[in-house]
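Colleague: Hi! Could you walk me through this one while I have it open?

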Amino acid sequence: SMIKTVLVVDDDKGLIKMLETSLHRQGYTVLSAVTGEAGLQIAQSKPVDLILLDVILPKIKGREVCAKLKENKETKNIPVIFLTAKNSPDDIKAELEAGAIAHITKPIGLTDLVATVSRVLAMIPV
C-alpha cells in the first residue's frame with residue numbers, strides 16, 4: 001500500500017511517543033515495541049516497511065534482533081535503521097555487519113530522522 005508502516009523498537013517510551021508524533025505527521029503508520037522480543041513478534045506478524053531499532057535493549061540487544069530479522073525470510077528484506085548513543089566507527093561497522101542499512105545517533109534530531117526514513121524507504125522497490 002502507499003501508506004508505509006514504521007516499527008519503532010526502543011525501551012524509552014518518551015522517545016517512542018516523540019517518534020510516533022513526528023512520523024504520523026509525515027503520514028506513516030507507526031507500530032512500537034519496548035523489547036526486542038516484542039519487536040520481532042510484530043515484524044513477523046504485521047506488514048512492516050521499515051524498523052527503527054535501538055541498539056541497547058533489555059534482554060535481546062538490537063544487533064541480535066537485527067540478525068534474527070535478517071535470518072528470517074519473512075523479515076529479511078525490511079530495512080533496519082539503528083538508533084544509538086554509540087557512534088564509534090567500530091560500533092557503526094558492527095551495526096552494518098548485523099544488517100542495518102543506516103544509523104541515527106542519539107540524541108535524535110527529528111528532522112534528520114524523518115529525512116533518513118524517507119530516504120531509506122525511497123530506495124526500496126515497491
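**Overall picture**

Modeller: Happy to. Of the 126 residues in the protein, 44% are buried. Keep in mind that this is a predicted model.

Colleague: Thanks! How many helices and strands does the protein have?

Modeller: There are five helices and five strands. Along the sequence they follow the pattern β-α-β-α-β-α-β-α-β-α. The radius of gyration is 13 Å, close to the 14 Å from the globule rule for 126 residues, so the protein is as compact as a globular protein of that length.

Colleague: And what box do the C-alpha atoms fill?

Modeller: Roughly 35 × 30 × 25 Å, along the principal axes.

Colleague: On to the sheet. In what order do the strands come?

Modeller: The order is β2-β1-β3-β4-β5, in an open sheet with parallel pairing. β2 (29-33) and β5 (102-105) are at the edges with a single partner strand each, so one side of each has no neighbour in the sheet. From one strand to the next, the twist averages 20°.

Colleague: Let's zoom in on β3 and β4. How many bridges pair them?

Modeller: Four bridges, joining residues 50-54 of β3 to residues 80-84 of β4 in the parallel sense. In β4, F82 is the bridge partner of L53.

Colleague: Which helix lies across β3 and β4?

Modeller: That's α3, residues 62-71, and it runs at about 175° to β4.

Colleague: Last topic, the surface. What does the accessible surface come to?

Modeller: About 6,700 Å², with 56% of that belonging to carbon and sulfur atoms. As for contacts with a separation of 6 or more, 59% are between residues 24 or more positions apart.

Notes
Residues are numbered from 1 along each chain as its sequence is written. This is a predicted model: local features need pLDDT of at least 70, side-chain atom pairs count only at pLDDT 80 or more; totals for chains, interfaces and linings use all residues. Side-chain values use heavy atoms; hydrogens and water are left out. Two strands pair if DSSP finds at least two bridges between them. Helices (H or I, at least four residues) and strands (E, at least two) are DSSP runs, numbered from the N terminus. Axes are lines fitted to C-alpha atoms, for helices over the stretch in contact, and angles run from 0 to 180 degrees between N-to-C directions. Contact means heavy atoms within 4.5 Å. The radius of gyration is taken over C-alpha atoms; the globule rule is 2.2 Å times the number of residues to the power 0.38. Buried means under 20% relative accessible area, exposed over 50%, partly exposed in between (1.4 Å probe, protein chains only). Accessible areas come from the Shrake-Rupley method with a 1.4 Å probe; for residues, only the protein chains shown count as cover.
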